[in-house]
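Try each task before reading its solution.

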Amino acid sequence: MITTVFFDLDDTLFDHQYSRRCGFYALKSSYPALSSADVRDMENLHEQLIRANYEKVLAREISLKDAMTERICTVCNRFGYSPDPGEMPDIVRIYDTAYQQNRRVVPGSRELLSRLKESVQVGIITNGFKDLQEEKIASLGLSTFIDILIISEVAGYQKPDRRIFENALAVAGSDPARAVYIGDSWAVDIVPATACGMKAVWLSRYGQSCPDPSLARVITTYLGFDLRELSG
């Protein structure tokens with residue numbers, strides 16, 4: 001019997017991809033030189049840039065604001081618009097305003113959380129800063145569903161370090177074999193969670209191929225997902 005279900009936060013419960021897309025559409029509308037850029041290509045580059053310096057952001061070697069400015073500037077340059085340094089505050093403001101105004105949960109996640117809350121402990125294991133992640137959860141109206149919140153800044157470890165998963169299991173008082181982890185990143189979420197003995201569900205919404213179907217249940221949407229399929 002499953003007793004605890006943990007989730008990743010960004011792009012698993014919070015639809016970061018949608019908010020980012022809205023940010024880039026706002027830039028395309030504001031700057032004619034970007035009007036012909038493909039938003040999906042902009043997203044892909046932006047994601048590569050996040051992965052390239054995210055550990056430095058978490059280690060506070062570079063500020064979140066400076067990292068955002070650097071990424072947006074690089075995307076603009078790559079897709080046909082080379083802003084002057086003095087323009088960057090306005091460009092970042094346009095992007096971030098659209099991003100913040102279009103924050104939403106991943107479709108179907110709220111309904112899933114509501115169902116799970118009736119029978120199991122529900123937790124989040126996320127990389128990031130405490131204040132930022134807590135505010136995000138509250139603004140999305142998810143706080144009432146969450147029993148356990150493990151954030152890398154507080155835990156002292158960040159995914160994919162298995163110790164943050166072990167910490168979450170200890171806080172939950174959960175047997176790994178009776179816990180499930182749901183996340184969108186194969187390397188950062190699924191591999192370390194299963195290494196700790198948890199069952200895993202990979203939320204693959206963007207057509208990625210599964211590296212190892214024997215390691216995790218693969219879903220493309222929460223619609224129709226039934227936790228009982230993982231029991232036994």
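**Exercise 1.** Is Cys73 buried, partly exposed or exposed?

*Solution.* The model is predicted. Start with the cut-offs: buried means under 20% relative accessible area, and exposed means over 50%. Next, take the value for Cys73, which is 23% relative accessibility. Cys73 therefore counts as partly exposed.

**Exercise 2.** Classify Cys76 by its relative accessibility.

*Solution.* Use the cut-off of under 20% again. Cys76 has 0% relative accessibility, so Cys76 counts as buried.

**Exercise 3.** How many disulfides does a search of the whole structure find?

*Solution.* Recall the bond: a disulfide links the sulfur atoms of two cysteines covalently. Here the search of the whole structure finds 0 disulfides. Check Cys73: its nearest cysteine sulfur belongs to Cys76, 6.8 Å away. A disulfide needs sulfur atoms within 2.5 Å. Cys73 is in no disulfide, and Cys76 is in no disulfide either.

**Exercise 4.** Does the radius of gyration agree or disagree with that of a compact globule?

*Solution.* Count the residues: 232. A compact globule with 232 residues would have a radius of gyration near 17 Å. The protein has 18 Å, which agrees.

**Exercise 5.** Describe the fold in numbers.

*Solution.* List the secondary structure: 9 helices and 6 strands. Then look at burial, where buried residues make up 47% of the 232. Last, take contacts between residues at least 6 apart in sequence: 66% join residues at least 24 apart.

Methods: Residues are numbered from 1 along each chain as its sequence is written. This is a predicted model: local features need pLDDT of at least 70, side-chain atom pairs count only at pLDDT 80 or more; totals for chains, interfaces and linings use all residues. Side-chain values use heavy atoms; hydrogens and water are left out. Helices (H or I, at least four residues) and strands (E, at least two) are DSSP runs, numbered from the N terminus. The radius of gyration is taken over C-alpha atoms; the globule rule is 2.2 Å times the number of residues to the power 0.38. Buried means under 20% relative accessible area, exposed over 50%, partly exposed in between (1.4 Å probe, protein chains only). Contact means heavy atoms within 4.5 Å.
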